[in-house]
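Thank you for making the time this morning. I would like to walk through one model with you, moving from its sheets to its cores and then to its charged side chains.

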Amino acid sequence: MADVVLWPTQEENGLKSHTIRVGTRKSQLARIQTDSVVQMLQECRPHLCFEIVAMSTTGDKILDTALSKIGEKSLFTKELENALERNEVDLVVHSLKDLPTSLPPGFTIGAVCKREDPHDAVVFHPKHSGKTLGSLPDKSVIGTSSLRRAAQLKRKFPQLEFRDIRGNLNTRLKKLDEKEDFSAIILAAAGLRRMGWESRIGQILSPADCLYAVGQGALAVEVRAKDQEILELVSVLHDRESVLRCIAERAFMKRLEGGCSVPVAVSTVVKDSQLYLTGAVYSLDGAESLQETMQASVDFPQEDAGGPSDDAQHVGISAGAVPRRAQQAAEKLGVQVAELLLARGAGLILATARQLNEAGEPAGLLSGGREGAQ
């Protein structure tokens, strides 16, 4: 059953003389993120009326199984994409890191909004306020739903223990505060800030401590690839730097055939017209790791824009307002970093990690889940 919320408008007539229906998940964070996207669209097109349609996804309903073990690549997007395919909604707002690197035929990411801080954050139990991961007592238990975070932090902080923690942001914080099970939990800084909980952030993890997830901190607007009017509507939300960084990250992930069931991590930055990508893979226990950094120029002029086309997509992203050659360079960079790691043995590390995860092999924390916006 979907929840529907209408946004006020100045006029009744809009795009195609109908209300723009925006699909989203029901969680509080998802609604906050969707509201922010609708607000930006409303400011650009004040005559349009927007209707928010909220629904539960498979991932929202499965609460007793580590999501990395389920094997479904679209746990938090499938129901929303089904509604998009049936024309029940016109666009869908996602956390970009929830979206697989290969979208179903007929869909595209029509906008990547300006990225929030992509780094991971540590939220401490009140009794450990003021501490850092490095100053916690030995054997302190850290909660995380991510194989990526656990693998890196085990390597960096071998004196700590890591255990799976499920639930949305609200649920995880409640588990931390009301019980003594965890000394701290690791969450995405972006989600905490969007919820207005920045004061709970006790430590931001730099890339030296923990590389982040592909697409982390970015919001994506998914649309029907041939719906030119909606594509043009949402294209104003594209942020050039965020688009290029996320194309490189997604191309890296796609070439590695990674996902939430294996520890793959990235860091990107654009500086002086150069895009830098650091990519890494890890064994589940963090004992093995491979990491490489490469760069590419993304300083290209804008070409004449063509019409909407699946061929114009780069790892699922359609960004006509961003120079095509810059997008191609970003995608090529992601592939090159991945191939460099594969040449050094990344394929074996990831295959082993995937097999152990599927087998449920205990190694501290082998259960993980969606990174999502949390």
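Predicted model: local features only at pLDDT ≥ 70, side-chain atom pairs only at ≥ 80, totals over all residues.

**Sheets, cores and salt bridges**

Let me begin with an open sheet of three strands, whose order is β12-β13-β14 and whose pairing is antiparallel; strands here are DSSP runs of E of at least two residues, helices are runs of H or I of at least four residues, both numbered from the N terminus, and two strands pair if DSSP finds at least two bridges between them. Because β12 and β14 stand at the edges with a single partner strand each, one side of each is left without a neighbour in the sheet. Neighbouring strands of this sheet are turned against each other by 15 degrees on average, with direction ignored.

Residues are numbered from 1 along each chain as its sequence is written, and side-chain values use heavy atoms, with hydrogens and water left out.

Within that sheet, β13 and β14 pair in the antiparallel sense over nine bridges, and Y276 has Q295 in β14 as its bridge partner. Helix α10 packs on the sheet and touches β12, β13 and β14, its direction making about 50 degrees with that of β13; contact means heavy atoms within 4.5 Å, and axes are lines fitted to C-alpha atoms, for helices over the stretch in contact, with angles running from 0 to 180 degrees between N-to-C directions. Helix α4 also lies across β12, β13 and β14, and runs at about 85 degrees to β12.

Strand β6 (residues 120–124) and strand β9 (residues 184–188) pair in the antiparallel sense over five bridges, with F124 standing opposite A184 in β9.

What can we say about the interior? The largest nonpolar core has 43 residues, of which L96, I109, V112, F252, V264 and V281 touch the most other members; a nonpolar core is a set of buried Ala, Val, Leu, Ile, Met, Phe, Trp, Tyr and Cys residues joined through side-chain atoms within 4.5 Å. The largest share of this core, nine residues, comes from α8. Not counting residues up to four places away in sequence, F252 touches residues including V264, A265, L277 and L341. A second, separate core of 20 residues includes L41, L48, C113 and I230.

Next comes H238, which lies in the loop between α7 (228–234) and α8 (240–256) and counts as buried at 14% relative accessibility. A polar atom of the H238 side chain lies 3.0 Å from the backbone nitrogen of V112, and among the residues that H238 touches are G110, V243 and I317.

Finally, the count of salt bridges comes to 17, a salt bridge being a side-chain nitrogen of Lys or Arg within 4 Å of a carboxyl oxygen of Asp or Glu. Is the pair R224 and D227 buried or exposed? R224 is buried, and so is D227, and their closest N and O atoms are 3.3 Å apart in a salt bridge. Salt bridges that share partners join R21, D90, R224 and D227 into one network. By contrast, E161, whose side chain meets that of R163 in a salt bridge of 3.7 Å, N to O, is partly exposed with a relative accessible area of 30%, and R163 counts as partly exposed at 44%.

How values were computed
Buried < 20%, exposed > 50% of the residue type's maximum accessible area, 1.4 Å probe, protein only. Polar contact = N/O pair within 3.5 Å; in protein donor to acceptor, adjacent residues only side chain to side chain.
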